[in-house]
Amino acid sequence: MREEVLLLISPETAGNPDRLKNRVARELSVDAKTIAHVEPLRRSIDARSKRVKIRLKVAAYLGAAPQLTEFRAPEVQSVDHAPPVVIVGAGPAGLFACLTLIEKGLKPVLVERGKDVRSRLKDLAAISRQHVVDPNSNYCFGEGGAGTYSDGKLYTRSTKRGDVREILETLVRFGAPKSILVDAHPHIGSNKLPGIIGTMRKYIQQCGGEVHFGQQVTDFHRENGRLTGVSTAQGKTFLGAAVLLATGHSARDIFELLHAKSIALEAKPFALGVRVEHPQSLIDQIQYHQPQRGEWLPAASYSLVHQVDGRGVFSFCMCPGGIIAPCATSPGEVVTNGWSPSQRNTPYANSGIVVSVDPKDYQATANDPLSGLRFQQNIEKLAWEAGGRSQVAPAQRLVDFVANRASHELPKTSYFPGVAPAKLGEVLPPFVNRRLQRAFKAFGKKMRGYMHPEAVVVGVESRTSSPVRIPRDPESLQHPQVPGLYPCGEGGGYAGGIVSAAMDGQRCARKMAEAILRS
Ligand SMILES: Cc1cc2nc3c(=O)[nH]c(=O)nc-3n(C[C@H](O)[C@H](O)[C@H](O)COP(=O)(O)OP(=O)(O)OC[C@H]3O[C@@H](n4cnc5c(N)ncnc54)[C@H](O)[C@@H]3O)c2cc1C
């Protein structure tokens with residue numbers, strides 16, 4: 001017999017299987033010995049009151065132990081001789097599109113400018129240690145896309161755009177921990193993601209899909225107006241029945257290429273700001289209302305939002321127990337983002353704090369849809385100058401940033417290339433700077449202790465989402481001007497984050513398959 005129980009329990013009970021079983025038995029008024037198995041279904045932290053509780057939904061199996069669902073890798077399905085389809089970009093959108101195409105009986109030909117997950121590591125180290133940014137291999141470009149060396153947070157608000165559970169189960173099939181199916185705010189961690197991505201790629205290859213690394217797309221191939229392939233800077237051409245373009249928000253060359261070919265693009269809102277970093281122990285104290293979080297609670301996170309002069313200022317990609325990462329994609333720019341290992345066990349808590357930016361702020365016009373891109377790039381260059389023309393990032397103590405005064409020295413941060421004292425108000429546009437200062441003051445009131453002298457702001461957080469949209473027909477998902485072109489994922493302007501990009505990849509691949517198999 002299976003009984004579902006909803007519990008509000010101490011973190012210690014939730015983390016100890018024997019105590020949990022006894023608690024479930026009490027709830028069901030049965031002897032604990034009759035419970036064969038307790039399966040967690042949903043877990044969240046309730047830190048609203050003084051004593052932090054875990055809200056846990058479980059299924060209790062009385063009598064016989066259940067047949068538990070095993071999440072195995074999908075069966076290899078040969079698409080060796082199937083019609084090929086070109087996928088550009090091996091981020092979550094491109095990879096999930098490949099998996100869906102295989103399911104539908106089509107052969108994905110995946111073209112990626114960067115390297116495989118393992119080879120990418122050397123280039124990431126070079127950014128931190130030698131301050132050298134390889135424009136084809138960095139935190140945004142390479143196998144797995146921008147999501148590979150990330151926190152791997154899998155929480156999304158885009159639940160209407162696809163089946164979130166299906167994405168999470170697919171990740172589990174390729175090696176993600178089963179806890180992501182239970183946690184209200186699931187995450188994988190940057191140490192585990194590369195293995196999962198690599199397993200996914202091997203499966204695509206085993207099925208007969210092609211994966212081409214080190215191939216930067218620089219041109220399109222059209223037949224009778226229809227997009228049927230791409231050529232690369234390395235001199236190769238890849239042809240197929242259609243092209244899915246999943247190149248992410250940082251592929252400025254792709255936006256330039258589309259614009260040069262008079263393929264319509266649109267400027268879109270994005271967000272801009274800084275990364276703020278606190279000691280993790282401080283965030284734990286604030287959020288859990290106790291001096292130490294103890295053994296049973298994870299590193300605490302937060303989510304903040306405040307309206308200033310009609311604009312949203314909000315926390316973005318908060319990484320408890322994480323690291324601030326150097327995410328530039330070209331030399332001569334400084335860009336920050338954040339990641340965490342699966343244990344979220346560094347002594348730092350960082351988060352993007354960003355202000356919504358509207359196309360009106362950078363005078364976008366229909367003729368110049370790339371003005372947002374240049375606006376973004378200019379701020380990244382200013383950050384590079386302010387940091388001392390290397391990957392050293394400009395930074396300021398939070399209390400100094402809010403008070404508009406320079407910091408003479410800075411606390412230790414997790415940002416490996418190093419930080420240099422600078423006034424971020426000289427890097428950020430005034431409308432962003434002013435709103436950030438006011439929002440931080442408000443955050444300090446919402447979270448007592450947040451305006452801590454050891455908290456530091458690091459510039460700039462500029463790649464929150466794409467400043468450009470590649471239009472697509474809402475029904476066919478193809479570009480209205482170019483049949484065969486399927487703009488997809490974050491670069492198209494249709495996703496923000498790993499899960500929503502993966503869902504968009506699936507959606508576009510299904511539409512592609514429908515159209516190709518029908519014709
Ligand atoms: C450090 C960091 C941490 C993050 N943390 C999280 C997180 O915890 N949770 C979350 O949901 N999201 C996170 N994100 C955002 C997330 O990674 C993206 O939203 C997501 O990866 C977008 O997926 P995508 O497939 O649309 O594009 P991308 O992942 O950007 O993939 C695009 C791919 O296209 C390739 N490409 C680009 N141009 C070309 C070209 N010309 N030719 C060939 N290939 C090309 C790139 O190399 C890249 O591999 C993080 C991002 C970063 C950088």
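**Group meeting: domains, one interface and some local geometry**

The chain is assigned three domains: domain 1 (2-62), domain 2 (84-264 + 470-518) and domain 3 (267-461). Those bounds come from an automatic or database domain assignment. This is a predicted model, where local features need pLDDT of at least 70, side-chain atom pairs count only at pLDDT 80 or more, and totals for chains, interfaces and linings use all residues. Residues are numbered from 1 along each chain as its sequence is written, and side-chain values use heavy atoms, with hydrogens and water left out.

Let's start with domains 1 and 3. Their C-alpha centres are 38 Å apart. The contact (heavy atoms within 4.5 Å) draws 11 residues from domain 1 and 6 residues from domain 3.

How much area do domain 1 and domain 3 bury between them? About 690 Å², with 70% of it on carbon and sulfur atoms. Buried area here is the accessible area (1.4 Å probe) that two parts lose on being put together, summed over both.

Now the polar side. I count 2 residue pairs in polar contact between domain 1 and domain 3, both at pLDDT 80 or more. The rule is a pair of N or O atoms within 3.5 Å; within protein, one must be able to donate a hydrogen and the other to accept it, and residues adjacent in sequence count only if both atoms are side-chain atoms. Salt bridges across this interface: 0. That term needs a side-chain nitrogen of Lys or Arg within 4 Å of a carboxyl oxygen of Asp or Glu.

By the salt-bridge rule, the count comes to 34. One of them joins lysine 261 and aspartate 219, at 3.0 Å, N to O. Lysine 261 sits in the loop between helix H7 (252-260) and strand S11 (266-267), aspartate 219 in strand S7 (residues 217-223), 42 residues apart. Helices (H or I, at least four residues) and strands (E, at least two) are DSSP runs, numbered from the N terminus.

Next, backbone geometry. Most residues other than glycine have a negative phi, and most peptide bonds are trans. Arginine 344 has a positive phi, near 45°. Its place is the loop between strand S16 (336-339) and S17. And which residues does a cis peptide bond join? Glycine 459 and valine 460, with omega about -5°. Valine 460 belongs to strand S20 (residues 456-461).
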